[in-house]
Amino acid sequence: MLRLLARRLLMSVPILVIVTFVVFFLLEIAPGDPARLAAGGQAASAADVAEARHRLGLDEPLWTRYWHFIEGLFTGDLGQSIFSGQPVLSAIAERAPVSLSLMAGALIVAMLIALPAGIIAATRPGGIADRVVMLISAGGVAMPNFLIGLLLVLVFALNLQIFPATGYVPFEQSPARWFQSLVLPSVALGVAAAAEIARFLRASMLDVLDQDYIRTARAKGIGVRGVVGKHAMKNAFAPVLTVLGLQVRILLGGTVVIEQIFNLPGLGSLTVKAVFDRDYPIIQGVAISAALVVVVANILVDVAYGYLNPKLRAA
Amino acid sequence: MSVEPDITVPAAPAAAGSPPTGTAVRVGFLRRFRRQRAAVAALAILVLITLAAVLAPWWTLYDPAGGSLSDALSGPSGGHWLGTDDLGRDVFTRMMYGARLSLGAAVIAVGVAMAIGLPLGLIAGYAGGLVDSAIMRVNDALMSFPPLILAISIVGFLGAGLTNAMIAIGVIYAPRFMRVVRGAAMAVREETYVEAARMMGAPAHRIVRRHVLPNILSPLLVEISLSLGFAIIAEASLSFIGLGVQPPSASLGSMLGEAFRHLRDAPVYAIGPGVAIMIIVLSLNVLGDGLRDSLGRRAMR
C-alpha cells in the first residue's frame, strides 16, 4: 500500500511541473503588455513602463521568470491581486471552504441518488425500474448544471419558498442556515454526477453479478441483498471509483457556474470576478489550486482502488 | 428507450480472418449502426435541428435583434410561440439563431480540439517510447485541470468573447482526442498487416495515412459526437456567466443567462433554450453511444 502511494506521489511530480508551466505560460498569451498595465495603462510614460517591467522581473528570460514563479509557489507566495492587493493565497483560503462545502454536498447528493438507483437498476436489468433509471440518468447527463439550478431556484426558492434563492451563511454563524443555503446548490451540482455514477455502477454491478462466485453465493441461499451488499459491492465499486475521480474535476469546474447562480462567495465567483477585472494572479492561483485538488483526488482514488483490488497493489 | 445494448446485445462478431481493410470495417460499422434505433432517431433529430438552426434567417418570422419594448416579456401567444424577452424580441426566433450559434461554436471548438489532439495522438501512439511519454505527461497535466476552470482561465487571459471561448473549449477537449487517437493508433500498430507494410519498407507517414488513419475513424467519430455535446454545454456555461458570446448576439447559454436574470417576472423564458440544449446534448450522447456500440470488438480498443 505504501509503495503504491509513494509511486503515485512520484508520478504526480512531472504532472505538477507541467501544470505550473501551463498556468505560468497563460500570462504569455494575454494580449497587451503586463508591464504597461501595472504602470497605469496607456497614460504611463516609457520610463514608468520600463521601471515596472524591471520591478516585475519581466525583463528577465522566460525560464528565469518561471523559476521565480516556482520559488514563489514553494514559499506560498502566489503573488497579489492586481485589484485589491490582497495576497492570492489568502484570497483563495478565504473562499475555498465555500467551494469545498459545495463540492462535498454535491458528492453526497450524487452518492445518495446513484447508489440506490444503480443497484436497483442492476438487480433487475430490463425491468421498469431499470428503464426509468436509465432514462432519467440519460437526461441528467445531458442537462447543464445551471439549467438544473435555474429550475431549483424557480420551484423551491421562488414558488415554494422552502430554501433561500441566493446567499451563503458561514457555518460558524448558523449551522442550520449554512446547511439550508447549500441544499439547492449541492443538488444542482450533484444531479449530473449522480446520473453518470448511476450508469457506471449499474454497468459494473451487472458485470459482477454475472460472475460465478455470485452464482455460488446465491446457490448457497444468500439473498439478493446479502449478495449485493457483501459480495458484489466491493468489486462493482472499483470501476465506479474511477468515475468518482473524474467527477471531482467536473464538479470543481461546475462550482464556478453554480456559485454564480446562487451567489455563493466561493472560488468560482472569485475567478469570474477576476476574469472581468483582468486580475491575472488570482486566475493563476485558482487554476493551480484546482489542478492540485484534482491531482490529490486522483491519488486518493488510486490508493482506494488498491485497497479494493489487492492485485493492483503490487503492480 | 434502450441506450444500453452494449451489455445485453453482444456486438456482431468482427469479420474474423478477412483482411481488415478500411472499407470492410466501415461497411460492417454502418450495418450495425442502422440497427441502433435510438441512435438513428437521435441522428434524425440532430439533422432536423441543425437544418432549422442553419436556415433560421430564411424561415423565422421576426428579426432576432429587433423588437418593440411595448411587447417586452409578454407570455407565449399565437404570434410569439415562446413569448418575448425583456427587449420585446421574439424568443423563438432568437432561440433558432441561438442554436445556430451554439452548434457552430461547438463544431469549431471540436475542430480546434481535433486539430491539436489528432496529430499529437497519432505521433504518440505510433512513435511510442520517449515521445509518447512526453506527450502523455503533457496530456495528463492538461487533464488535471477541471475543464471549465481551465477554459475560464484561458478566456480570462485572452479576453471574453465567442472566438476565445471556442479556442478555450478546443484546448480543454484536445486531450480527449489525443487519448482516443493514441489508443487506436497503438492497437493498429501491432496488427500484422501494419507490421508487414513496415517490413516492406513503407515510410511511416504512408503507413499512418493508409493503414492507421482509416482504422481510427470509427472511434474518432464516437469521440466527435460525445465531444460536441460537451462543447455545447461548455459554451453554454461560459456564455451563461457572460464570458462567451457577447450581446446583442446570443447563444442558447447566454439566452439562459438572460432568462435567469428575469426568472421572477418571466419564468417561461427559460424553457425554450433550456429544452433545446437538453435535446441537442441528449441526442449527441445517444448518437455517440450508438456509434460506440456499432464498433466491432477489434476497433474498440
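Contact is taken here to mean heavy atoms within 4.5 Å. On that criterion, 43 residues of chain B are in contact with 51 residues of chain A in this predicted model.

The size of an interface is often given as the accessible area lost when the parts come together. For chain B and chain A the area buried between them is about 4,300 Å², with 81% of it on carbon and sulfur atoms. Within chain B, the residues that lose the most area to chain A are B:Phe145, B:Ile149 and B:Phe157, which together account for 17% of what that side buries.

Specific polar pairings across the interface can be listed as well. The rule finds 1 salt bridge between chain B and chain A, and in it the side chains of A:Arg199 and B:Asp289 meet at 3.3 Å, N to O. Across the same interface of chain B and chain A, 3 residue pairs are found in polar contact, both residues being at pLDDT 80 or more.

Turning to the helices, the side of chain B that touches chain A draws at least two residues from each of helix H6 (129-144), helix H7 (147-158), helix H10 (204-240), helix H11 (252-261) and helix H12 (271-294) of chain B. The largest share of that side, 9 residues, comes from H7(B). Sorted by class, the side of chain B that touches chain A has 30 nonpolar, 8 polar and 5 charged residues.

As for chain A, an unreviewed UniProt entry lists residues 96-305 as "domain: ABC transmembrane type-1". Over residues 96-305, chain A is 84% helix and 0% strand, and the end C-alpha atoms are 27 Å apart.

Note on methods:
Residues numbered from 1 in each chain as written. Chains lettered and ligands numbered in written order. Predicted model: local features only at pLDDT ≥ 70, side-chain atom pairs only at ≥ 80, totals over all residues. Heavy atoms only, no water. Buried area = accessible area lost by both parts, 1.4 Å probe. Salt bridge = Lys/Arg side-chain N within 4 Å of Asp/Glu carboxyl O. Polar contact = N/O pair within 3.5 Å; in protein donor to acceptor, adjacent residues only side chain to side chain. Helix = DSSP H or I, 4+ residues; strand = E, 2+ residues; numbered from the N terminus. Nonpolar A, V, L, I, M, F, W, Y, C, P; charged D, E, K, R; others polar. UniProt positions renumbered as here; feature names shortened; annotations may be inferred.
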